[in-house]
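Here is a friendly tour of a protein model, meant to be read with the picture open beside you. Take a look at the sequence and the fold, then work through the topics below.

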Amino acid sequence: MESTTPDQPQTLGETTRMLWNARGRYKRVLATAASLQKVVWKHRKILGSSDEQALQPLHQEVAASLATLFRDNGGAWIKFAQFLSCRPDLLPAPYIDAFAHLRENAPKAHFDDIQPWLKAQLGHDWADSFSAFNIIPMAAASIAQVHNATLKSGAEVAVKLQQPRVSQEFSEDAAALRLLAKALKPLLREVDVEQIINQLITTTERELDFRLEMAHMQEFSELPHLPGIKVPRVYPTLCSAQMLVTEWIEGKSLSTLLREDEAQAIPLLERLQASMMQQVLEFGLFHADPHPGNFIVTPDGDLAVLDFGAVEHVAAEDRQHYTALLMRLLGMGDGPLLPLFEAAGFGGLTEERLEKLSAALVSARQDTDTTLADNLRTLLDEFRRLRLVMPDSFVAMVRVLITVGGLMTRYQIPFSWGGAGAQPLNNAEK
């Protein structure tokens, strides 16, 4: 895969062009950075405090400013916010809450902009690939929009097109993000802001290459999924880094069905849970964003999985170590913690930190009303506060468990780890 270098323009002219094209977004970044300097002065007495409760007013103010910036800049900035809203291991709760309110409701690009883009992807005679192409997009998000079309063969397809200027704007915005990281550094001393920004840029860069999503879908389609789980077919010869052509799936999104007919949706949620646990624990290849909007309920009652931009691989040995550690931390095992953490690939371990973690876990278990999702969020929060270095694949696995566990709790479905003979968790463990 060709890699972009968003922070390394080739010439002075390229640098000037980037600054000019992005001047509106850069102005907002500079204005936000200036306002954050005032926040530094306002909260100077608590900067560097180890008391996270005392830091809440600071975090809430910074989070609100950043959420406004991300919303106003739009495009890839919304994608950045969504990435951060799923990372309680990286940021304190006020940021997660503020960014979670940002939704992918980008304006749809006009077909006059899309047609030259289609020519760039498929050639001047791009229309010859289709017998019909709906120029009005069916859906739009922060970086892409989806059109319904029909191939010459008669197959109905979904054409996911990256917004024409997204890649260019991403290159421009990566530099602005690194500037913002410098302004945030004195405000978020308990986290490595520059590392977070670099990880965010790398993750977004991967999602901008639709060839990776195509490969994920092909790999998923070859797995022995449970009955009633469907993965759309891909048309590789029509795909590129900025365009993905897949089978069109008729039906309602699971999120819509949950609003309209919750009773009908409950069995589908149970199937979603079973499928996700199979992916995480058996396949080691799992969809890393399993919210109901990414599932379509077909007229035949199948659950079709959409949007494979975020997919994670976890090796069998790592899955075993991660599961053993989680079971122990959730009170479903015993024995010393240190060997489990070391086997799972954690860093930053000290006896003092493990003692603090153990004390926090004992305190959390005293509340029998907590859910699995609550307990896992507490774990990630404690890991972050103690500055433990977590493997990325462990974090991805826990985030999926939080999402699935939260859904099950919301709709009063017992959580099960899956597998032969698995039992739902009782109230103390759920």
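The structure holds 2 cavities of 30 Å³ or more, and the largest cavity has a volume of about 120 Å³. This is a predicted model, in which local features need pLDDT of at least 70, side-chain atom pairs count only at pLDDT 80 or more, and totals for chains, interfaces and linings use all residues. Residues are numbered from 1 along each chain as its sequence is written, and side-chain values use heavy atoms, with hydrogens and water left out.

**The largest cavity**

- A cavity is a set of points, on a 1 Å grid over the protein atoms alone, where a 1.4 Å probe fits but cannot get out; lining residues have an atom within 4 Å of a point.
- Grid points are joined across faces, edges and corners, and a volume is the space filled by probe spheres set on the points.
- Rolling a probe the size of a water molecule over the atoms shows where empty space is left.
- The largest cavity is lined by 13 residues, and the closest to its centre are Leu-66, Leu-84, Leu-91, Leu-184 and Ile-197.
- Helix 3 (56-73), helix 5 (93-100), helix 7 (166-184) and helix 8 (193-207) each supply at least two residues of the lining of the largest cavity.

**The chain as a whole**

- The protein chain has 16 helices and 11 strands; helices (H or I, at least four residues) and strands (E, at least two) are DSSP runs, numbered from the N terminus.
- Of the 430 residues in the protein chain, 50% are buried; buried means under 20% relative accessible area, exposed over 50%, and partly exposed in between, with a 1.4 Å probe and protein chains only.
- Among contacts in the protein chain between residues at least 6 apart in sequence, 66% join residues at least 24 apart; contact means heavy atoms within 4.5 Å.

- Strand 9 (residues 295-297) and strand 10 (residues 303-305) run antiparallel and are joined by 3 bridges.
- Opposite Val-297 you will find Leu-303 in strand 10.

**Another strand pair**

- Strand 4 (residues 156-162) pairs with strand 6 in the antiparallel sense over 5 bridges.
- Lys-160 has Leu-244 in strand 6 as its bridge partner.
- Strand 6 (residues 243-247) is mostly covered, with 4 of its 5 residues buried.

- Is Phe-341 buried or exposed? Phe-341 is buried, because its relative accessible area is 0%.
- Phe-341 is in helix 13 (residues 337-343), and beyond four places in sequence it touches residues including Leu-325, Phe-346 and Phe-383.
- Ala-149 belongs to strand 3 (residues 144-151) and is buried, with a relative accessible area of 1%.
- The C-alpha atoms of Ala-149 and Phe-130 are separated by 6.9 Å, although the two are 19 residues apart along the chain.
- Leu-118 lies in helix 6 (residues 111-122) and counts as buried at 0% relative accessibility.
- Leaving aside neighbours within four places in sequence, the contacts of Leu-118 include Trp-126, Leu-161 and Met-243.

**Two positive phi values**

- Arg-387 has a phi near 60°, a positive value in a residue other than glycine.
- The loop between helix 15 (372-385) and helix 16 (392-410) holds Arg-387, which counts as partly exposed at 47% relative accessibility.
- Gln-412, in the segment after helix 16, has a phi near 55° and counts as exposed at 75% relative accessibility.

How values were computed
1 Å grid on protein atoms, 1.4 Å probe; cavity = no way out; pocket = protein on both sides within 12 Å on 5 of 7 lines; lining within 4 Å. Pairing = 2+ DSSP bridges.
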